[in-house]
Amino acid sequence: MKDSDKTKEKLISELEEMRQGITKSEASEAECKQVEPILYHELDIIQTLFDNHPDFIYFKDSEARFQ
């Protein structure tokens with residue numbers, strides 16, 4: 001086998017890895033587009049709860065400081 005054949009095989013292999021990476025990235029992006037509206041809806045529900053709850057709701061950070 002010639003060195004040029006090895007190089008071609010290596011390039012083909014790298015190209016296939018890139019294609020697989022792109023496919024995974026596109027799938028991840030599609031999933032994010034599906035999940036994003038659900039998360040915004042949940043955020044709206046939580047915000048509505050906080051805005052309409054008769055008691056004050058406080059949050060503390062990791063150092064026990066009120067936020």
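Modeller: Before we start, a salt bridge here is a side-chain nitrogen of Lys or Arg within 4 Å of a carboxyl oxygen of Asp or Glu. By that rule, a search of the whole structure finds three salt bridges. Mind that this is a predicted model, where local features need pLDDT of at least 70, side-chain atom pairs count only at pLDDT 80 or more, and totals for chains, interfaces and linings use all residues. Residues are numbered from 1 along each chain as its sequence is written, and side-chain values use heavy atoms, leaving out hydrogens and water.

Colleague: What makes Glu29 and Lys33 a salt bridge?

Modeller: Their side chains meet at 3.6 Å, N to O, and the limit is 4 Å, so the pair counts. Both sit in helix H1 (residues 3-52), four residues apart, which is about one helical turn.

Colleague: Why is Lys33 called exposed?

Modeller: Its relative accessible area is 57%. Buried means under 20%, exposed over 50% and partly exposed in between (1.4 Å probe, protein chains only), so Lys33 is exposed. Glu29, at 46%, counts as partly exposed.

Colleague: What joins Asp61, Glu63 and Arg65 into one network?

Modeller: Arg65 bridges to Asp61, with the closest N and O atoms 2.7 Å apart, and Glu63 bridges to Arg65 at 3.5 Å. Salt bridges that share partners make the three one network.

Colleague: Why is the pair of Phe50 and Phe59 called edge-to-face?

Modeller: Rings of Phe, Tyr and Trp (its six-membered ring) pair if their centres lie within 6.5 Å; planes under 30 degrees apart are stacked, over 60 edge-to-face, the rest tilted. Here the centres are 5.5 Å apart and the planes at 70°, so edge-to-face it is.

Key: Helices (H or I, at least four residues) and strands (E, at least two) are DSSP runs, numbered from the N terminus.
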